[in-house]
Amino acid sequence: MRAAEPAGAGAAARKLAGLSPAPNDAYAQFASFMLRDAIEEMLPKSDSGAFGEGFAGGVWRSMAAEQFASIFTQHGGLGVAEMMRARAA
């Protein structure tokens, strides 16, 4: 038996898949790198205890920022990659 799918979920998934940049897209990778730094600055600092203490907390914080930036970039980001791509053409 197949699980029920919300109305339009398939169409939404296909639309989001079309927004994903190519894995070797240098412009998208650069935009993701910029976003990672910005997001990491916005996350709670290691002394807040949200990600743990010491070195491990810093690693978890950095990994979380990287994942947030990657997902954000895959779904359109801020348009940095598109602006750079347009200027290079």
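Visitor: Why is Arg36 called buried?

Guide: Arg36 has a relative accessibility of 19%, and buried means under 20% relative accessible area (exposed is over 50%, partly exposed in between; 1.4 Å probe, protein chains only), so Arg36 counts as buried. One caution: this is a predicted model, where local features need pLDDT of at least 70, side-chain atom pairs count only at pLDDT 80 or more, and totals for chains, interfaces and linings use all residues. Residues are numbered from 1 along each chain as its sequence is written, and side-chain values use heavy atoms, with hydrogens and water left out.

Visitor: What makes the contact of Arg36 and Glu40 a salt bridge?

Guide: The N to O distance is 3.2 Å. The rule asks for a side-chain nitrogen of Lys or Arg within 4 Å of a carboxyl oxygen of Asp or Glu, so the pair qualifies. Both sit in helix α2, four residues apart, about one turn of the helix. Glu40 is buried too, because its relative accessibility is 17%. Arg36 also meets Asp37 in a salt bridge at 3.2 Å, and Arg36, Asp37, Glu40 and Arg61 are linked in a network.

Visitor: Which residues of α2 are buried?

Guide: They are Ala28, Ala31, Ser32, Leu35, Arg36, Ile39 and Glu40. They cover an arc of only 165 degrees around the axis, so they are on the same side of α2. On the other side, Ala26 and Glu41 are exposed.

Visitor: What makes Arg85 and Asp25 a salt bridge?

Guide: Their side chains meet at 2.4 Å, N to O, so the pair passes the same rule. Arg85 lies in helix α4 and Asp25 in the loop between α1 and α2, so parts 60 residues apart in sequence are tied together. Asp25 counts as buried because its relative accessibility is 15%, whereas Arg85, at 33%, is partly exposed.

Key: Helices (H or I, at least four residues) and strands (E, at least two) are DSSP runs, numbered from the N terminus. The arc is that of the directions from the helix axis to the C-beta atoms.
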